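The sequence and structure come first, and the description follows.

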Amino acid sequence: MRNLQGIPASPGIAIGSAFAFLDDEEPTIPRYTVTELELDGEWDRFVVAVGKAKDDVTVLRDRATREMGSEHGAIFDAHLLMLDDPEVLDAIDLSLRDSFLNIEWIVHQYEQTIVKRLEGLDDPILQERTVDVHDIIKRVLNHLMFRERFSLADLGSDVVLVAHNLLPSDMIAMNRARVKAIVMDAGGKTSHTAILARAFEIPAVLGLGGAVRGIKSGAIVVVDGNTGDVRVDPDAQTLERYERVRAKMAERDEDLTAIASLPARTLDGRDVLIKANIEVPEETDSVLRHGAAGVGLFRSEFLFLQPGRAPSEDSQYAAYRRVIEAMAGRPVTIRTLDVGGDKVVPDLAIEEEKNPLLGWRAIRYCLSDPELFQDQLRAILRASAHGDARIMFPMISGPVELDSAIAALERAKAECRKRNQAFREDIPVGIMIEVPSAALIADILATKVDFFSIGTNDLIQYTIAVDRGNERVAYLHEPFHPAVLRLVKKVIDDGHAAGIPVSMCGEMASDPFAAIVLLGLGLDEFSMSAVSVPDVKRTIRSISFEEATAVAAEALKLCSHQETEAFLASRLADRVSRGA
Ligand code: PEP
Ligand code: MG
């Protein structure tokens with residue numbers, strides 16, 4: 001048995017067979033000479049590989065069309081056209097017969113030539129086609145080299161997914177019903193892979209920093225997403241112990257579900273709202289099952305992470321409307337596109353940047369692409385006619401940026417009016433407070449919006465200068481750092497002084513100890529992964545507002561996160577359980 005310790009990123013215990021999805025590097029292309037007699041054989045190998053690639057692409061095209069509409073399927077039609085293009089086939093044939101080199105090398109060289117040609121063009125749309133060329137040629141090469149590119153969508157049996165790093169787009173594409181747990185080298189608690197794992201209720205341990213390399217496909221793995229423990233090839237005793245813990249947790253889940261219908265009310269009668277964060281529309285069932293009072297954050301960018309082109313205004317409208325209607329009158333806060341950083345959308349041409357987390361992200365990206373932004377704003381506005389929708393801008397760093405976002409919203413409203421499309425004229429508009437500059441001028445920003453929502457995942461990242469996805473420095477991503485607590489307090493106080501409610505949708509809100517401090521600081525709303533809602537509701541119900549206020553006042557006087565943790569543990573541990 002091998003014991004590994006990582007970051008507990010999504011709760012739950014799973015025991016299963018490992019699937020090592022580690023083969024993610026670019027292959028080395030072989031280069032060797034062939035004789036004249038072998039040329040036809042090389043060509044035949046190429047024709048077979050192209051045929052297989054066409055079969056793959058046809059399956060993908062049909063799936064994309066079925067699940068997301070014909071405009072998404074069209075991208076694969078373009079791939080099929082390229083595989084049939086006589087000009088392409090002739091060029092490869094000619095080059096093979098001229099050079100007497102193996103076909104893999106010829107195909108690889110052909111790709112280089114085409115990519116260079118496309119990159120040299122002025123037209124950015126044609127330049128973007130290099131991604132398609134790479135995709136299709138890689139597919140042919142993989143077949144030539146018998147290196148089938150496994151898609152996580154094709155998982156056919158239950159597995160514990162073991163990977164160096166899964167991207168948010170992998171998480172969206174994979175066959176989620178088959179993934180019983182995730183174990184990963186990279187990532188921290190607030191990385192988007194962790195957030196998605198919680199959204200899909202898949203136990204996950206991240207941040208193992210290289211240790212997953214030793215886990216072979218087929219090994220039995222126990223994953224404890226509550227503690228971060230991973231056991232590889234466990235002995236019978238260990239297996240039995242984890243089976244018992246699993247059964248106990250199932251009982252506890254039932255208890256928690258029982259409180260789903262109760263209000264989030266303190267012992268002395270103060271009500272707060274506990275809402276859920278969602279990434280995809282299908283999560284609304286889980287939101288309702290866990291007793292959330294609404295959706296406090298709909299991370300709309302995950303609609304853009306689906307394979308295929310960026311969604312049209314109409315398909316976004318349909319997705320937002322679906323969520324709003326499923327929530328049946330409960331509020332739904334839709335955050336406008338927050339791309340960039342680790343959320344790379346293949347269809348949006350965000351160039352590689354030296355400092356992506358400080359770069360062309362979120363509202364900055366949207367303001368630079370008015371057409372895309374207007375499509376989204378109109379889609380949200382139109383959906384607002386069907387229930388209680390709110391709109392929220394991410395990564396606001398200052399008042400001028402906020403004014404530009406609000407002006408864009410006004411333009412979208414004017415266009416909807418012109419088109420006679422119904423929408424809620426007074427749709428509440430809020431901002432995420434996740435950049436320290438915004439927190440420090442919360443008093444100024446509060447005069448311009450209807451609500452704040454504190455995004456501590458990023459606020460902590462930017463305040464402490466700690467990459468939230470980097471396992472090496474994950475220990476620094478600390479919600480109880482005095483600087484973070486002071487900023488949070490300031491945002492709540494400034495929001496209240498201006499008469500607007502203040503919410504928190506960062507993961508900090510889901511920690512029971514933090515929830516008490518936040519309650520005591522006067523936070524009005526909490527929003528978190530749906531699975532955490534019952535725990536936090538139980539926490540709020542276990543304490544009086546008066547006591548929480550005293551706890552928060554004390555916590556603010558302390559000089560380090562260790563002191564705060566120790567103080568909260570001594571004061572609360574007998575009543576408040578922190579995780580399972
Ligand atoms: C945050 O930064 O706290 C937040 C909720 O946004 P995201 O996790 O999507 O960056
Ligand atoms: Mg954020």
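A strand here is a DSSP run of E of at least two residues, and strands are numbered from the N terminus. By that rule Glu525 lies in strand β16, which covers residues 525-529. The model is a predicted one.

**The barrel**

Strand β16 belongs to a barrel that eight strands close in the order β9-β10-β11-β12-β13-β14-β15-β16, with parallel pairing. On average, neighbouring strands of this sheet are turned by 25° against each other, direction ignored. Strand β9 (residues 273-278) pairs with β16 in the parallel sense, over five bridges. Within that pairing, Phe526 in β16 is the bridge partner of Ile274. β9 also pairs with β10 in the parallel sense, here over three bridges, and Leu297 in β10 is the bridge partner of Asn277. β9 is mostly covered, with five of its six residues buried.

Is Glu525 buried or exposed? Glu525 has a relative accessibility of 14% and therefore counts as buried, the cut-off for buried being under 20%. If neighbours within four places in sequence are left aside, Glu525 is in contact with Leu273, Lys275, Val502, Ser503 and Met504.

**Helices on the barrel**

Helix α11 (residues 313-326) lies across β9, β10 (295-299), β11 (332-335) and β12 (389-393). Its direction is at about 155° to β11. Two packed helices are described by the angle between their axes and the distance between the axes. For α11 and helix α13 (residues 370-383), the angle is about 35° and the axes are 8 Å apart. The crossing of α11 and α13 is right-handed. On the α11 side the contact is made by Glu313, Asp314, Gln316, Tyr317, Tyr320, Arg321 and Ile324. On the α13 side it is made by Asp375, Gln376, Arg378, Ala379, Ile380, Arg382 and Ala383.

**The open sheet**

Eight strands form an open sheet of mixed pairing, in the order β1-β8-β7-β3-β4-β5-β6-β2. β1 (2-5) and β2 (7-10) stand at the edges with a single partner strand each, so one side of each has no neighbour in the sheet. From one strand to the next, the twist averages 30°. Strands β7 (residues 220-224) and β8 (residues 229-232) run antiparallel and are joined by four bridges. Val221 stands opposite Val232 in β8.

Helix α7 (residues 192-199) packs on this sheet and touches β2, β5 (179-184) and β6 (204-206). The direction of α7 makes about 50° with that of β2. Eight of the eight residues of α7 are buried, so the helix is largely enclosed by the rest of the structure. The buried residues of α7 are His192, Thr193, Ala194, Ile195, Leu196, Ala197, Arg198 and Ala199. After α7 comes Glu201, with a positive phi near 55°. Helix α8 (residues 236-258) lies across β3 (13-21), β7 and β8, and runs at about 120° to β3.

**The magnesium site**

Which residues coordinate the magnesium ion (ligand 2)? The ion is coordinated by Glu434 through OE and Asp458 through OD, at 2.0 to 2.1 Å. These two residues link distant parts of the chain and are 24 residues apart. Glu434 is in the loop between β13 (429-433) and α15 (436-440), whereas Asp458 is in helix α17 (residues 456-464). Glu434 is buried at a relative accessible area of 2%, and Asp458 is buried at 3%.

**Cysteines**

How many disulfides does a search of the whole structure find? The search finds zero disulfides. Cys505 is in no disulfide, and the nearest cysteine sulfur, that of Cys366, is 16 Å away. Cys505 is buried, with a relative accessible area of 1%. Cys559 counts as exposed at 60% relative accessibility, since exposed means over 50%.

The relative accessible areas of individual residues are collected below.

| Residue | Relative accessible area | Class |
|---|---|---|
| Glu434 | 2% | buried |
| Asp458 | 3% | buried |
| Cys505 | 1% | buried |
| Glu525 | 14% | buried |
| Cys559 | 60% | exposed |

Note on methods
Residues are numbered from 1 along each chain as its sequence is written. Chains are lettered from A and ligands numbered from 1 in the order in which they are written. This is a predicted model: local features need pLDDT of at least 70, side-chain atom pairs count only at pLDDT 80 or more; totals for chains, interfaces and linings use all residues. Side-chain values use heavy atoms; hydrogens and water are left out. Two strands pair if DSSP finds at least two bridges between them. Axes are lines fitted to C-alpha atoms, for helices over the stretch in contact, and angles run from 0 to 180 degrees between N-to-C directions. Contact means heavy atoms within 4.5 Å. Buried means under 20% relative accessible area, exposed over 50%, partly exposed in between (1.4 Å probe, protein chains only). Donors are N, O and S atoms within 2.8 Å of the metal (3.2 Å for Na, K and Ca); water is not among the atoms, so sites may look incomplete. A disulfide is a pair of cysteine sulfur atoms within 2.5 Å. A crossing is left-handed if the near helix is turned anticlockwise from the far one by less than a right angle, and right-handed if clockwise.
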